[in-house]
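Let's go through this one together, feature by feature. Ask whatever you like as we go.

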Amino acid sequence: MPGAGVLTAFPSPLGGNVCAAYSIFKDEAGGLLVAGVASDKRETFHSCVWRLGASGAPDPGFGAGGQVCSSGEEWAWAAVPGADGRFYSAGINGRDWKRSRSAFLRCYTREGLPCPGFGEEGLVLLHPPRRGYAAVFAAAFTGSSVFAAGAVTDSGGVTRPGIWEVDLSGKPSSKFLKGGFFSPETPPGSRDSRINALAAGPGFLLAGGNLDWREAAHWKFLPGGPGGELVRGPAGTIRTLYVRGKDIFAGGFRYGDPAKGHAETGIIFRLPGHEVTELDSLENQELFSVTGAAGGLFAAGYADEGGAVKAAVWGISAGGKLRSGFGRGGVKVFPDELGGRESRIYSLTPYGGGLAAAGFSRRADGVMTLAVWKLQALSGR
């Protein structure tokens with residue numbers, strides 16, 4: 001695989017100033033599927049999905065010129081592969097997750113068309129159980145169910161975790177969640193808790209998130225439910241879950257480190273134990289994705305360096321330590337190739353014997369462009 005660099009970077013296909021990716025994964029044909037958001041000329045945001053070929057350019061055989069974007073105002077926060085070349089994206093209607101009257105779950109065919117027989121023309125709206133607001137930040141697929149999770153906010157502004165389950169036709173399913181929806185337990189007095197990540201395996205579903213943005217938390221579900229008992233974690237928030245065999249890893253970040261003066265410190269830990277590895281070798285760092293490749297663990301997000309926000313990938317050994325042979329002291333920081341002094345990674349996936357990462361990179365003129373990076377997994381080059 002070639003050395004690290006921006007595999008592709010392009011502005012909004014709708015003519016606006018914002019284009020960013022929040023999910024990336026390899027599709028069955030060997031390309032990359034990317035989901036995120038793009039703004040139009042009025043700076044209205046639309047959920048979009050792209051298929052990138054081996055060269056990194058959008059595949060002209062997918063959707064319209066390599067991408068499909070919603071007609072209405074949406075924001076796609078998550079995407080997950082399904083069966084038979086299908087995949088799903090999920091997010092919010094509108095641009096404010098605490099004011100989204102419903103979340104959405106979309107199903108696409110391998111050609112980028114709405115899945116026949118799923119919801120209404122490939123779309124399912126996810127509503128809160130009572131009057132209020134609904135948002136989705138994570139999705140998972142088990143072969144017979146599709147899950148979308150995030151938060152429900154009541155009229156008083158109290159936000160609680162929420163998770164929806166639908167079958168392959170888009171109808172509510174009760175394989176894990178009775179009635180197709182469940183709001184997991186939170187401590188008394190909690191006012192701003194949510195789910196940010198999902199992981200599914202043989203006979204289980206795991207949700208990870210935070211309690212009032214101060215304490216990590218996760219909830220486990222088994223077939224037949226209800227499950228969802230709260231397991232409190234270390235200080236911080238879970239933003240990603242990764243399953244490798246019998247091991248489950250959680251990653252994210254925590255705010256504030258008085259001893260080191262860091263505003264944000266990246267963290268990764270194994271469930272159900274909570275021994276934390278801190279990713280704090282730079283000024284500040286936030287972690288959004290964990291995956292496995294080349295026999296090791298890799299985490300991605302962004303870090304402050306020299307007054308700029310830069311996309312970064314960390315290599316982590318089996319013992320939970322930073323890998324000295326990866327990048328510079330265990331972290332690969334991507335250069336500011338577009339000159340905007342801000343680049344962020346939100347999703348990381350194995351690809352081509354190495355890794356591919358997606359997020360955004362800002363140009364010198366301030367325009368946010370969708371960006372995909374690639375690197376060799378062992379060396380960080």
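Q: Which strand does β7 run antiparallel to, and how many bridges join them?
A: A strand here is a DSSP run of E at least two residues long, numbered from the N terminus, and two strands pair if DSSP finds at least two bridges between them. Here β7 (residues 87-93) is joined to β8 (residues 103-108) by six bridges, and the two run antiparallel. For instance, Phe87 has Tyr108 in β8 as its bridge partner.

Q: Before we go on, what kind of model is this?
A: This is a predicted model, where local features need pLDDT of at least 70 and side-chain atom pairs count only at pLDDT 80 or more, while totals for chains, interfaces and linings use all residues. Residues are numbered from 1 along each chain as its sequence is written, and side-chain values use heavy atoms, with hydrogens and water left out.

Q: Back to the strands: in what order do the four strands of the open sheet sit?
A: The order is β6-β7-β8-β9, with antiparallel pairing. At the edges you'll find β6 (74-81) and β9 (123-126), each pairing on one side only. From one strand to the next, the twist averages 20°; for that, axes are lines fitted to C-alpha atoms, and angles run from 0 to 180 degrees between N-to-C directions.

Q: How do I read a pocket, and how much space lies in the largest pocket?
A: Rolling a probe the size of a water molecule over the atoms shows where empty space is left. On a 1 Å grid over the protein atoms alone, using a 1.4 Å probe, a pocket is an open set of points with protein on both sides within 12 Å along at least five of seven lines, and lining residues have an atom within 4 Å of a point. Points are joined across faces, edges and corners, and the volume is the space filled by probe spheres set on them. In this model the largest pocket holds about 1000 Å³. It has 36 lining residues, and the closest to its centre are Ala79, Ala139, Leu198, Thr240 and Leu241.

Q: Which strand gives the most to the lining of the largest pocket?
A: That's β14, with six residues. Others that supply at least two include β2 (15-26), β10 (133-141) and β26 (339-351). By class, the lining has 27 nonpolar, seven polar and two charged residues. Nonpolar covers Ala, Val, Leu, Ile, Met, Phe, Trp, Tyr, Cys and Pro, charged covers Asp, Glu, Lys and Arg, and the others, Gly among them, are polar.

Q: How many disulfides are there?
A: A disulfide is a covalent bond between the sulfur atoms of two cysteines. The rule used is a pair of cysteine sulfur atoms within 2.5 Å, and the count comes to two. One joins Cys48 to Cys69, S to S 2.1 Å. Cys48 is in β4 (residues 45-52) and Cys69 in β5 (residues 67-69), so this pair ties together parts 21 residues apart in sequence. The other joins Cys107 to Cys115, also with S to S 2.1 Å.

Q: Why is the disulfide of Cys107 and Cys115 left-handed?
A: Its S-S torsion is about -70°, so it is left-handed. For Cys48 and Cys69 the torsion is about 110°, so that disulfide is right-handed.

Q: Is Cys48 buried or exposed?
A: Buried means under 20% relative accessible area, exposed over 50%, and partly exposed in between (1.4 Å probe, protein chains only). Cys48 is buried at 1%, whereas Cys69 is partly exposed at 24%.
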